[in-house]
Amino acid sequence: MVSSLGSAAVPPPGEGDHVRGDGPLAVLYLDLACPRCAGSWGRISALPLRLCVRHFPVASKRPRSPALHHAAEAVAAQSEPAFWDFWDSLLGDRAYVDDPHLWERVRAMGLDLERFQADRRSESVIARVDRDFRSGIRAGVTGTPAGFAGTNPLGPDLEAGLEELCLRGERA
Amino acid sequence: MIEPGIPAPGFRLHDHAGNEVALEDFSGRRLVIAFYPLDFSAVCTDQLSIYQEVLGEIEARDATLVGISVDSAACHAAFREKLGLTFPLLADFHPKGEVCAAYGAYLDDWGHSNRSLVLVERDGTVAWSFAAPTPLEIPGANLIFDALDGA
C-alpha cells in the first residue's frame with residue numbers, strides 16, 4: 001500500500017521542525033538550489049516572523065537539491081544553531097555548494113565531518129527530508145518558494161504576502 | 001471543461017519523439033492528462049517539475065501521466081530535456097489545440113489551453129476533471145492523488 005499524497009492541510013510546526021524567530025507564524029517550503037528562494041531569502045529571513053522552514057527539493061529540475069537538503073538535515077543532527085547557519089549560508093552563496101564547500105562549512109562550524117558524511121546518506125535523514133516534501137505536496141505546493149501563514153497558503157508573491165503578515169501581526 | 005461520466009474524446013498526436021500516440025494506446029490503464037499552456041514558460045515549468053517528482057507514485061496507482069500543450073514535438077523534446085521529465089509530452093500542434101478543445105481545455109482568447117487535469121479510467125471514461133481558475137494558478141499534485149485514490 002502506498003501512503004497518501006492526497007490533499008491535507010499543512011502540518012503545524014512539530015517535532016523535528018526547524019523554527020526560528022518571533023512573530024506571526026509562517027511555514028515555508030524552500031528548495032536550497034532554487035534561485036528564487038536564494039534571491040528572496042535575505043529579505044524574508046529579516047522579517048519579524050516565526051519562520052518554520054521545510055525541505056522541498058525539486059530534483060528533476062535542480063539535481064543538486066536533494067544532496068543539499070540531506071546535508072542540511074545532517075548538520076541539524078549535530079546542532080540546530082548550526083543548521084540555521086548552514087541554511088543561511090547555502091542560500092546566501094549558491095556558487096559554493098559542491099561537496100568540498102559543504103565540508104569546509106562543516107569544519108568551520110566545528111562539527112564532526114565523518115559523522116556528517118554518514119548522516120547525510122542515512123535513512124533517517126532521507127526520510128526526514130521526504131516527510132517535508134510530501135507534506136508540501138499534500139498542501140498543494142507547486143513550486144518554490146512557497147509559504148503559508150499558519151495553514152493559509154500565501155500567494156505567488158511570497159515576499160509581499162509575508163510582509164502583509166507582519167503588518168497584520170503588528171495590528172493584532 | 002469535460003465532465004466525468006462521458007467517454008474521453010479520442011486523439012492521435014505526436015509525442016516529443018515524433019511517435020504517434022492515441023488514446024486507445026492507454027486502454028486498460030488509467031490515464032492522467034495534464035493540459036498546460038506552453039513549454040518553457042515559468043509557471044508551466046514548475047507545474048511539470050512537481051508532477052515529475054511524484055511520477056513514481058502516480059505509476060504505483062496503475063496510472064500513466066501525459067502532458068498536452070499546443071507546442072510542437074520538437075519544442076516538447078527540448079523542454080523535456082531541460083526539465084529532466086520522463087513522462088511523454090504530446091503535441092496538440094496541428095490542427096492547433098484541437099484535442100485541448102475537445103476536452104474543453106482550450107482558451108480561444110489566449111491561443112493555448114488552460115491548466116486542466118483529466119483522469120481517464122481503464123474503460124476510457126472520464127472519471128474526473130479539474131480546470132484551474134486562471135492559467136497562473138497551478139493545480140497541485142495532491143489533486144491528482146485525490147482523484148486516483150477516490151477521495
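Me: What does I138(B) touch, leaving out residues up to four places away in sequence?
Reply: In this predicted model, I138(B) touches T142(A), V43(B), D46(B), Q47(B) and R115(B). Contact here means heavy atoms within 4.5 Å.

Me: Where is I138(B) found in chain B?
Reply: I138(B) is in the loop between β9 (126-131) and α5 (141-148) of chain B. The C-alpha atoms of I138(B) and R115(B) are separated by 6.9 Å. Along the chain these two residues are 23 residues apart.

Me: Why is I138(B) called buried?
Reply: The relative accessible area of I138(B) is 18%. Buried means under 20%. I138(B) therefore counts as buried.

Me: What makes the phi of F40(B) worth a remark?
Reply: Phi of F40(B) is near 70 degrees. That is a positive value, and the residue is other than glycine.

Me: What is the phi of D62(B), and where does D62(B) lie?
Reply: Phi of D62(B) is near 60 degrees, a positive value in a residue other than glycine. D62(B) lies in the loop between α2 (55-59) and β4 (63-69) of chain B.

Me: Is D62(B) buried or partly exposed, and why?
Reply: Buried would need a value under 20%. D62(B) has a relative accessible area of 24%, so D62(B) is partly exposed.

Me: How do you know that D39(B) has no salt bridge?
Reply: The nearest side chain of opposite charge, R115(B), is 9.7 Å away. A salt bridge needs a side-chain nitrogen of Lys or Arg within 4 Å of a carboxyl oxygen of Asp or Glu. D39(B) is buried yet has no salt bridge.

Me: Where does D39(B) lie, and what is D39(B) in contact with?
Reply: D39(B) lies in the loop between β3 (30-35) and α1 (42-53) of chain B. Leaving aside neighbours within four places in sequence, D39(B) is in contact with S69(B), D71(B), C75(B), H76(B) and F79(B).

Me: Why are helices α2(A) and α3(A) called roughly antiparallel?
Reply: Helix α2 (residues 65-78) and helix α3 (residues 80-92) of chain A pack at an angle of about 155 degrees. That makes α2(A) roughly antiparallel to α3(A), since angles over 145 count that way. Their axes are 7 Å apart.

Me: Which residues meet where α2(A) packs on α3(A)?
Reply: From α2(A) come L68(A), H69(A), A71(A), A72(A), V75(A) and A76(A). They meet E80(A), A82(A), F83(A), F86(A), W87(A) and L90(A) in α3(A). The residues of this contact divide into 10 nonpolar, 1 polar and 1 charged.

Me: What makes α1(A) and α3(A) oblique to each other?
Reply: Helix α1 (residues 35-45) of chain A and α3(A) pack at an angle of about 120 degrees, with axes 8 Å apart. Roughly perpendicular covers 65 to 115, and roughly antiparallel needs over 145. The two helices are therefore oblique.

Me: Which residues make the contact of α1(A) with α3(A)?
Reply: C37(A), A38(A) and W41(A) in α1(A) meet W84(A), W87(A), D88(A) and L91(A) in α3(A). By class, the contact has 6 nonpolar, no polar and 1 charged residues.

Me: What is the omega of the peptide bond from T144(A) to P145(A)?
Reply: Omega is near -5 degrees, and the bond is cis. P145(A) lies in the loop between α6 (123-138) and β4 (146-149) of chain A.

Definitions and conventions: Residues numbered from 1 in each chain as written. Chains lettered and ligands numbered in written order. Predicted model: local features only at pLDDT ≥ 70, side-chain atom pairs only at ≥ 80, totals over all residues. Heavy atoms only, no water. Axes fitted to C-alpha atoms, helices over the stretch in contact; angles between N-to-C directions. Helix = DSSP H or I, 4+ residues; strand = E, 2+ residues; numbered from the N terminus. Parallel < 35°, antiparallel > 145°, perpendicular 65-115°, else oblique. Nonpolar A, V, L, I, M, F, W, Y, C, P; charged D, E, K, R; others polar. Buried < 20%, exposed > 50% of the residue type's maximum accessible area, 1.4 Å probe, protein only. Lys, Arg positive; Asp, Glu negative; His and termini not counted.
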